[in-house]
Amino acid sequence: MPSVWSVLCLWAVAVGAGVQGCRGHCEWRVQLCEFGDLGSIANAIEDQQPVLLLQSMEMLTNQAVDPLDPSTRYLGFPYYLRLDLSCETQEISQQAVREAYLTGLYPLVTVIFQEPVHPVRQKPQRLEVELSAALLLEDVDCGSELCQLGWYAPMPLLNGTVVYRVLVHSNGLGNPVQDQSLSLNVNGYVRPGPGGAMEPSVGMEVPALESMLSLSDPSRPLYFVEGVSPVLVLGQVPGYKAVLLTASDFTHVALIEVGIESLGVGPLSCPQVELSLTIQDAVATESTLFIRQNQLVYQFIGNYSLLPLTPPPSVYWQRVLQWVCVSRLVPVPMSHDGKEYFFILADGLQRGHTYRAEIADGVVTFKELLDEDGKNTCQHLNSDCQVLWVAHDPVYSKSDILLVEVLPEKGLDHAYVLLGLCLYFTELSPLPRFLPKEDSSGGFVILTGSEHYSSTPLLLRGIEINPFTWTLFLWGNAVLCSNDMGNHYMFFTGFPEDQLIKYFTMSRTGEFAFVTEFEQVWWGQEGVSSLVRVRPSTGWNTFSILQVLSGRESYQLPHSLVSVYYDADKLLQELVYTVDAAGRGSLLKRLLPVPEILSYQHFSELPYSTKHTEASSEFVFPQPCPFFSIRVEEVPPPEPYSRVQHYQAKPPTVLHPPGLQRPTSLAVYQGMLYQLLWLQSSYNRPYGDPVYDTTESWWKNKAMYKDYYFYLASNRLSSDGLYLSMEDYNKVYSSPGALQLPDCIYLDRGGSYNFSLFLTANTTDSLSDVSSRQDLLRQVWLAASVSNGNFIQVKTQRYEVISRGGLLYKVELKDLCLFPGQALSGQGLLSFNMLLRIVHSELQCYEQTESGISFKGESRVPVYVGCPPGQQLVFDITSTLAYAMQLNNQYFDCAKPDPKMPCFYYEDIFYPFFLIQDMVTGESRRFLGGYTLKVVGGGPYSQDNLRLYTEEEVLRYNSQNYSSFPSLVWMMVDDSSQPFNNTEDGFPILQGTVSISWICESNSPCADVLAVNLTSPEFFFLVEASNRGVDMSTYCDYTLQFMIHVHGLPLAPERGLSYMLMSHGLLWAVLFAFCVWESISCGPRLRTRLSSLRCRAVSLSSPLALELRVGLRQQM
């Protein structure tokens, strides 16, 4: 008689198959096609150069854009994304696409640009763009007007980014289609072949996988730098110098026979062992591949023009560390400080020597791990030893942690030692020699000294660090963890002693998985003591049967496990090799749904009871989950905390029926998207306004004609039959609020994040009285914790809603203002983790979601403390000019004003204002923190004469310490008669509203500027404002350099006095010359005139004249 579990499984399968058969199953299929040939499908992004769109854009004459504007960049990207619906058959797929067109369904594509390791060309930012796919009628002959339709969207490329995530979801109309997620990265390891087609540059591609791969091959680890490696490489193909290469996260895989020596021989210090062709280790970084064959290491630099690489791309594999006998390459899964890392372990006579490889902009440097005394690991331990593994701790101790095996000699026993290396080697807490006995309670076995040990020796193989939870893992024939980086240990339970872990992988969100030597896949979770075997297991068998009944071919064919890893979505994936009936081999990536498998396992182990009635019989199962539902409430907008800059773009509207796109309109779509992203990347203005908008300069000249262009489009009079709307290409500053926590939270100094959780208990109708509901609610509790309480804290407040049988938790996550120092925007962040878990819900609670079965009752959110990305300091020219005009009661602009640069009069008081511009939310707020102001460069008359000052000149021109030497350019106008605080170098610390007067003392560069062409003297100052080391209101290190144009500069007193004396001397000289000239040229006539005047004066004084004057007086 079949078990109840089997009957229930078959019933679930039948119901699922019936539902699927009624409605059909369709999913989004995404393909990459070239710009010039929409029918050419590419497996990865290989072309990195933009495409010219002159002909397509010049046809837009009466649109809101001006294609001839020299300040715009209407180029195109080399690829499109082609999307359609993939159903059971091709005929059903085409029918589903036509149905979607008639019902208004179309896909929305979100392209996520992964931040590079070293953002040189762009500031650290989280950027994504949402594209509405355009429906195109493809050129296929058939007997219908709608033969074959497909949606197309540009595939944007961003300078500095080679890793892209593509998310596809529907617009909400028509039939529901499950979301799709995939990776499309740049493959820099290809080059043009003899026929023009691209071929691998690292070796020769092998077309038939079955020629080198076998079902009996063991699985192997996948080593790469998470989030930044565009190409993944997997070695250990037995007996061949071959690797598996992919640029699409194993959606498309190529088997490459690498172009190196067949059997490379290492240095003489290597042990004489049997040589093999197999590539034992392979590590993929952002720009370089590293492989190890026997004791030799090779590197190959990819051709990535999008990255600021210093060395040129490689032509052939280059051998590195030629003098080292290499035994293993140990990866560092995450980059930090703008670099990537991995470790090299030596063997033979060099056993105990360890090297760290650092990759920065393609340049690789190797450093041996030595302490300050020049000792290596074995020299420090003074014993024969072997370094088994190395990990780097970028957060807790900022040191390298080495797992060392001390070999038995000189009376020393075999032991494992954990060493930390910063400046000197430090031995961490000793590790036990034997496995401890598990407690009957099933919890963690914490090493306190009172535990009991078994006779099985402890065997360790590697270590791993989770920088978000600050947890150290050690693995071998057991799994240990330490939450304080090696001071205290505790063992996970449930793992058999006879198993040995082969490789270990983590998701950085608290989950981890590992594969044993017997190819068993195990899974665990931080904070959960028990390890679970995923495959083989009862749950795995049930899941496999369901997949076979659903028609999944890969579960029906013979297959073997190749590797297990966590992808970019933090989902556990398995790579399997299958062989069909014809003997053809293929590699497939399959999701390993741990929650679904464990739910089947958990359900099969649940006890049950039966109830029989006259009408029916039923099975009754207990409810192991302590609550019924949980939801997030009162969530703030995600943008200020997730720091994601979101753009959106839509295709141009085709005015002629049936409104389908054509290749020329798609090219216009490319040009518009390119210009939108170019505005984002080129926006670096030192002057800011209260409103931040990167697209303002795009539309400002034609915004007033917006209604006119809409009128033309409404009457189908627009050029080329297209209409470009200004609202279709913009930046979204506030997305519709979703009731869920963000994928990560950024906190500045003293910042906090507040939200609420509402839980409902498993109440029944019988629990109608208040006391019963209270007793039930008291069994449900929320546990909130953070990975390090010294920097952040989480507080909860509990409210019981008895009438609704629910609980309301108000949660506050807060920064404790203990971040060390300041950092640039988006750099030097400390990573933490916030854990929210319902007590006793681990591995007990499951729920059905759109993407499948998932765990319920637990949420982990990464938290970054420091200066959040997407913020910058700008000079508030608008407020500065307005305030200066108000207080100075005047404003004298330059004779030739420049709208892009402010101009100030020398005699007016200067009142600078600054803004903190948030490029994520679009808001600008007044900067009220402390800062210093320094003139760091300048030049007279023109910006072309500007010169950067040396450090000594900057001190003399700005520092109060040099007040005895008259060389200051400016000084504070102190209205309060209170002294200002100065830095150690004598720079005044400014805050709030300050008054500055230009003084240009005698030894300053602006002290003696001559006038040119009868205009007042002018000077261009390069001013630097920085809050570095003087502002306690933020973790951000804001440094801004901007230009100020000052006119009306006075002359130096000495030069003014000399000009006055010269003017007076010139005036007297002219007057003297005039007098001399008059005396020489006009002398005779002057004497004649004077004599006539004397004669007339004598005649007037005669007696007759006197009598006449007397008579006249008497008559009067």
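# Strands, salt bridges and a cavity

Q: How many bridges join strand β48 to β52?
A: Strands here are DSSP runs of E with at least two residues, helices are runs of H or I with at least four, and both are numbered from the N terminus. Two strands count as a pair if DSSP finds at least two bridges between them. Strand β48 (residues 644-649) and β52 run antiparallel, and the number of bridges joining them is four.

Q: What pLDDT do local features need in this model?
A: Residues are numbered from 1 along each chain as its sequence is written, and side-chain values use heavy atoms, with hydrogens and water left out. This is a predicted model, where totals for chains, interfaces and linings use all residues, side-chain atom pairs count only at pLDDT 80 or more, and local features need pLDDT of at least 70.

Q: Which residue in β52 does Ala-649 stand opposite?
A: Strands of a sheet pair through backbone hydrogen bonds, either parallel or antiparallel. Here β48 and β52 run antiparallel, and the residue in β52 facing Ala-649 is Tyr-729.

Q: Which strands stand at the edges of the sheet?
A: The open sheet has six strands with mixed pairing, in the order β11-β10-β6-β7-β48-β52. Two of its strands have a single partner each, so one side of each is left without a neighbour in the sheet: these are β11 (180-183) and β52 (729-732).

Q: At about what angle does helix α8 run to β48?
A: Helix α8 (residues 663-682) lies across β6, β7, β48 and β52. Axes are lines fitted to C-alpha atoms (for helices, over the stretch in contact), and angles run from 0 to 180 degrees between N-to-C directions. Contact means heavy atoms within 4.5 Å. Helix α8 runs to β48 at about 155°.

Q: How many salt bridges does the count come to?
A: Side chains of opposite charge can pair when their charged atoms come close. A salt bridge needs a side-chain nitrogen of Lys or Arg within 4 Å of a carboxyl oxygen of Asp or Glu. By that rule, the count is 31.

Q: How many residues apart are Glu-464 and Arg-508?
A: These two side chains meet in a salt bridge, 3.2 Å from N to O. Glu-464 sits in strand β34 (residues 460-466), while Arg-508 is in the loop between β38 and β39. So how far is that along the chain? The pair links distant parts, and the separation is 44 residues.

Q: Is Arg-584 buried or exposed?
A: Arg-584 forms a salt bridge with Asp-580, with the closest N and O atoms 3.4 Å apart. Buried means under 20% relative accessible area, exposed over 50%, and partly exposed in between (1.4 Å probe, protein chains only). At 23%, Asp-580 counts as partly exposed. Arg-584 has 52% relative accessibility, so it counts as exposed.

Q: Which residue forms a salt bridge with Arg-662?
A: Arg-662 lies in the loop between β49 and α8, and its partner lies in the loop between α10 and β51, so the pair ties together parts that are 58 residues apart in sequence. The closest N and O atoms are 3.5 Å apart, and the partner is Asp-720.

Q: What is the volume of the largest cavity?
A: On a 1 Å grid over the protein atoms alone, a cavity is a set of points where a 1.4 Å probe fits but cannot get out. Grid points are joined across faces, edges and corners, and a volume is the space filled by probe spheres set on the points. The structure holds seven cavities of 30 Å³ or more. The largest has a volume of about 200 Å³.

Methods:
1 Å grid on protein atoms, 1.4 Å probe; cavity = no way out; pocket = protein on both sides within 12 Å on 5 of 7 lines; lining within 4 Å.
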